[in-house]
Number of protein chains: 2
Amino acid sequence: MIIISYVFDNDKPIYLQLEEIIKKEIFKGELLPSSKIPSVRDFALKYQVNPNTMQKALQGLEEEGFIYTVRTSGKYVTDNKEFILKEKRLVAKNLYQDFINNLRSLGYSDTDIKKILKESEI
Amino acid sequence: MIIISYVFDNDKPIYLQLEEIIKKEIFKGELLPSSKIPSVRDFALKYQVNPNTMQKALQGLEEEGFIYTVRTSGKYVTDNKEFILKEKRLVAKNLYQDFINNLRSLGYSDTDIKKILKESEI
DNA sequence: ATAACTGTACTAAGCAAGTAATACAAAAAA
DNA sequence: TTTTTTGTATTACTTGCTTAGTACAGTTAT
């Protein structure tokens, strides 16, 4: 059992942070489609959280369609690769839009923003 | 007295959201350097929050250097225009870095990111 | 002088959300 | 058949934010 010593942000509920972390594992292919994920208790142990907290996170992921449950057997990553890819792209798109909107709310014009993006080296 | 019917996000403390809102008013020049801002009670009324909540927000802004207090007279926006501009740029820079880091955490490579930025129209 | 307005401090109460502990039900494994 | 493992439900605790009320001190306006 690998224990992940993850530092959680105090500003957000842990279960939401867990959702994001696990979702990223799916996006990155660290959790493969159709594969069985660790049990609620094992997963909780791995991330050093309460099993209920982990369950809440996994319920969220199930409602979103990333995982499904076979009762008394376990939880599995969806086999819908297309869905995973689309979600990943959607998240990226939303990150971009939020970024742009935030710059605008600071008072930057679209011309300013284009300039900022052009001059930026990653 | 203009009442702002602002919808606060339940995920974050109201006083922090107020700090961001007022900070943006300063960045945008809606609150000018050296100008007097509404009293704690008036400001609270304007945003429909408890005076204590508003005071907490204004205290935060004072600690950051955006406003200063003249006791029994009122609170004023800093006259340091240079500071305001630098802070605005810092916020923008951090937004950019967070954006890039988030894309990376989704599994996008730097090459992917460059492509995304290049193909994006605002 | 008096009243009104400024920021500030303090206490208490209540509420909501997150977390934790425990117990239950069903299937699989031994 | 018994034990273990799975997900799930319920209940209680804790924490932090918001709200509310009150009070004080100093300046400004009347």
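Predicted model: local features only at pLDDT ≥ 70, side-chain atom pairs only at ≥ 80, totals over all residues.
Copies of a chain are superposed by least squares on the C-alpha atoms of residues with pLDDT of at least 70 in both.

Chain A is superposed on chain B by a rotation of 179 degrees with 0.2 Å of shift along the axis, and the RMSD is 0.3 Å. That is the relation of a two-fold axis. Among the residues of chain A, A:F99 comes closest to this rotation axis, with its C-alpha at 3.3 Å. The interface can be described in a similar way: 100% of the interface residues of chain A are also interface residues in chain B, so the copies meet through the same surface.

Of the atoms of DNA strand C that come within 4 Å of the protein, sugar and phosphate account for 62%.

At least two residues each are supplied by helix 1 (14-28) and helix 3 of chain A, and by helix 2 (40-47), helix 3 and strand 3 (74-77) of chain B. By class, the surface near DNA strand C has four nonpolar, twelve polar and six charged residues.

DNA strand D is surrounded by 19 residues, the closest being A:V40, A:R41, A:Q55, B:I14 and B:T72. Sugar or phosphate makes up 57% of the atoms of DNA strand D within 4 Å of the protein, and the rest belong to bases. From chain A, a polar side-chain atom of A:R41 lies 2.8 Å from a base oxygen of DNA strand D. From chain B, a polar side-chain atom of B:T53 is 3.2 Å from a phosphate oxygen, while a polar side-chain atom of B:T72 is 3.0 Å from a sugar or linking oxygen.

The surface near DNA strand D takes at least two residues from each of helix 2 (40-46), helix 3 (51-64) and strand 2 (74-77) of chain A, and from each of helix 1 (14-28) and helix 3 (51-64) of chain B. Its residues divide into four nonpolar, eleven polar and four charged.

Two or more lining residues come from each of helix 4 (81-106) and helix 5 (110-119) of chain A and helix 4 (81-106) of chain B. Helix 4 of chain B gives the most, with nine residues. The lining consists of eight nonpolar, two polar and eight charged residues.

Key:
Residues numbered from 1 in each chain as written. Chains lettered and ligands numbered in written order. Heavy atoms only, no water. Helix = DSSP H or I, 4+ residues; strand = E, 2+ residues; numbered from the N terminus. Nonpolar A, V, L, I, M, F, W, Y, C, P; charged D, E, K, R; others polar. Near = heavy atom within 4 Å. Polar contact = N/O pair within 3.5 Å; in protein donor to acceptor, adjacent residues only side chain to side chain. Contact = heavy atoms within 4.5 Å.
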